[in-house]
Amino acid sequence: MRADLAALADGDLASRSAAGDDEAFAEIMRRHRQRVYRLILANVADADEALDLVQETFVSAHGALRRFDPNRPMSAWLARIALNKSRDWARRRAVRRMLGLATPVEEIAELHADDQPLQDVQASDRAELNRLARAVAQLPSSQREPLVLCAVDGLSQAEASEVLAISEKAVETRIRRARLTLAQLLGRN
């Protein structure tokens, strides 16, 4: 049965899942969980929070499967849900910070590689990755979201424009502004 599900298109899996086939939804999750995780992690810069938000994203998606349009890409639909979950998280975090209850953001999970570089190089790379993740998290969401969708998640500008409900030109402009802002934040003018 699993091999049969792997051969189905996302729209077919969504239809089967909406009809009560839990294995079909498990296949949707298997196909898209890494992309959803990368997208959320790039927006919240907290690995533990990102895992929780991935779960929330798929719970919401499961509840909304009857509204999914099978003629549109599942990845774009899930990306929109994931971005909304990330935005909700940021709003909750801002309220907690305002109330003085915010907890400090933990470091992004360590990178794992098969060929381990020298320890000092690895520490330097990890520090640079953390610095970049913090800088990306400081970007306004209007710049961060298109940048993450295209640079991290690998969506085209057309797909990102659909997810964000803005024009392709707006996506291009916001990415350019995000890169300029990152250069300033990182001291690379």
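**Close-up views of a predicted model**

View 1. Let's start with Glu27, which is buried, its relative accessible area being 0%. This is a predicted model, and here the side chain of Glu27 meets that of Arg31 in a salt bridge, with 3.2 Å from N to O. Both residues sit in helix 3 (residues 22-44), and they are 4 residues apart, about one turn of the helix. Arg31 is partly exposed, at a relative accessible area of 26%. Side chains of opposite charge can pair when their charged atoms come close.

View 2. Now look at Glu162 and Arg72, whose side chains form a salt bridge at 3.3 Å, N to O. This pair ties together distant parts of the chain, 90 residues apart: Glu162 belongs to helix 8 (residues 157-164), while Arg72 is in the loop between helix 4 (47-63) and helix 5 (74-98). How accessible are the two partners? Glu162 counts as partly exposed at 30% relative accessibility, and Arg72 is also partly exposed, with a relative accessible area of 46%.

View 3. Is Glu145 buried or exposed? At 5% relative accessibility, Glu145 counts as buried, since the cut-off for that is under 20%. Arg87, at 28%, counts as partly exposed.

View 4. Counting through the model gives 8 salt bridges.

**View 5. Helix 7 crossing helix 9.** Which way do these two helices run relative to each other? The axes of helix 7 (residues 141-152) and helix 9 (residues 168-185) come within 8 Å and cross at roughly 100°. The two helices are therefore roughly perpendicular to each other. On the helix 7 side, the contact is made by Ser142, Gln143, Pro146, Leu147 and Cys150. Helix 9 brings in Val171, Arg174, Ile175, Arg177, Ala178, Arg179, Thr181 and Leu182.

Terms used: Residues numbered from 1 in each chain as written. Predicted model: local features only at pLDDT ≥ 70, side-chain atom pairs only at ≥ 80, totals over all residues. Heavy atoms only, no water. Axes fitted to C-alpha atoms, helices over the stretch in contact; angles between N-to-C directions. Parallel < 35°, antiparallel > 145°, perpendicular 65-115°, else oblique. Contact = heavy atoms within 4.5 Å. Salt bridge = Lys/Arg side-chain N within 4 Å of Asp/Glu carboxyl O. Buried < 20%, exposed > 50% of the residue type's maximum accessible area, 1.4 Å probe, protein only.
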